[in-house]
Amino acid sequence: MTRYVAIATLCLLIILVLIRATQLKKLGIKAIQFGEKDKKDFLIPPGALLLFYIVFASAFGLPKIGTELFHNDFVGWIGAAACVIGILLFIYALISFGKSFRVGLDEDHPGELVTTGAFSISRNPIYTAFGLVLIGIFLIIPNWIILIYVFIGIWLFNRQILLEEQSLKKIYGEKYMEYCKKVRRFL
């Protein structure tokens with residue numbers, strides 16, 4: 001059962017991003033800036049496809065890649081709870097973002113600086129949500145490859161956050177610096 005939660009979580013994340021990007025496109029806002037500033041971003045989708053395969057294979061009995069480190073139903077339910085909390089935080093962040101939502105850096109047409117809603121408790125609620133989801137999926141499917149994904153994912157999130165912080169300092173200046181003093185980077 002928990003493995004289906006992992007699948008639903010991954011699918012829901014993609015659907016939510018695509019719906020929001022489509023809504024913004026109708027308003028004339030290009031929300032997906034993926035790979036325009038950093039061409040290395042295109043290394044992420046093949047890795048994401050492998051993660052999807054591992055999760056789907058685990059749930060549907062397809063040929064597996066990697067082995068599981070342990071099996072514990074209770075830990076799996078903790079993982080399912082982390083996935084649900086991650087999805088709820090992600091939805092709250094999308095709502096809070098409003099028209100400022102972007103995938104990637106957009107220094108040419110940034111939205112307004114968002115400091116309310118989910119952004120009043122975390123400067124990076126979307127990355128925090130992704131981290132919760134990745135950890136949750138690992139607890140559900142404790143495959144050693146997914147564990148590597150957790151570490152690489154956290155490293156990539158931190159890398160992207162640092163790039164975005166530089167960009168936000170340049171765009172919003174002192175207003176962003178004041179915001180940083182009040183709200184933590186994660187939780």
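Which residues does Thr-9 touch, not counting residues up to four places away in sequence? In this predicted model, local features need pLDDT of at least 70 and side-chain atom pairs count only at pLDDT 80 or more, while totals for chains, interfaces and linings use all residues. Residues are numbered from 1 along each chain as its sequence is written, and side-chain values use heavy atoms, with hydrogens and water left out.

The secondary structure consists of six helices and zero strands, where helices (H or I, at least four residues) and strands (E, at least two) are DSSP runs numbered from the N terminus. Along the sequence the pattern is α-α-α-α-α-α. Of the 187 residues, 45% are buried; buried means under 20% relative accessible area, exposed over 50%, and partly exposed in between, with a 1.4 Å probe and protein chains only. The protein exposes about 10,600 Å², and carbon and sulfur atoms supply 69% of this area, as computed by the Shrake-Rupley method with a 1.4 Å probe.

Thr-9 lies in helix H1 and is buried, with a relative accessible area of 4%. Contact means heavy atoms within 4.5 Å. Leaving aside residues up to four places away in sequence, Thr-9 touches Cys-83, Ile-87 and Val-133. Across the protein, 78% of the contacts with a separation of 6 or more are between residues 24 or more positions apart.

The largest nonpolar core has 47 residues. Such a core is a set of buried Ala, Val, Leu, Ile, Met, Phe, Trp, Tyr and Cys residues joined through side-chain atoms within 4.5 Å. Leu-51, Val-55, Phe-90, Phe-101, Ile-126, Ile-137 and Ile-146 have the most contacts inside this core. Two or more residues are given to the core by each of H1 (2-26), H2 (44-60), H3 (73-97), H4 (125-140), H5 (144-172) and H6 (174-182). In soluble globular proteins, nonpolar side chains tend to be buried together.

In H6, Tyr-176, Tyr-179 and Cys-180 are buried. Seen down the axis of H6, the buried residues fall within an arc of 100°, so they line one face of the helix; the arc is that of the directions from the helix axis to the C-beta atoms. The face turned away from this buried side carries the exposed residues Glu-174, Lys-175, Lys-181 and Lys-182.

The buried residues of H6 pack against H5. The axes of H5 and H6 come within 6 Å and cross at roughly 130°. The contact involves Glu-165, Leu-168, Lys-169 and Tyr-172 of H5, together with Glu-174, Lys-175, Tyr-176 and Met-177 of H6. Axes here are lines fitted to C-alpha atoms, for helices over the stretch in contact, and angles run from 0 to 180 degrees between N-to-C directions.
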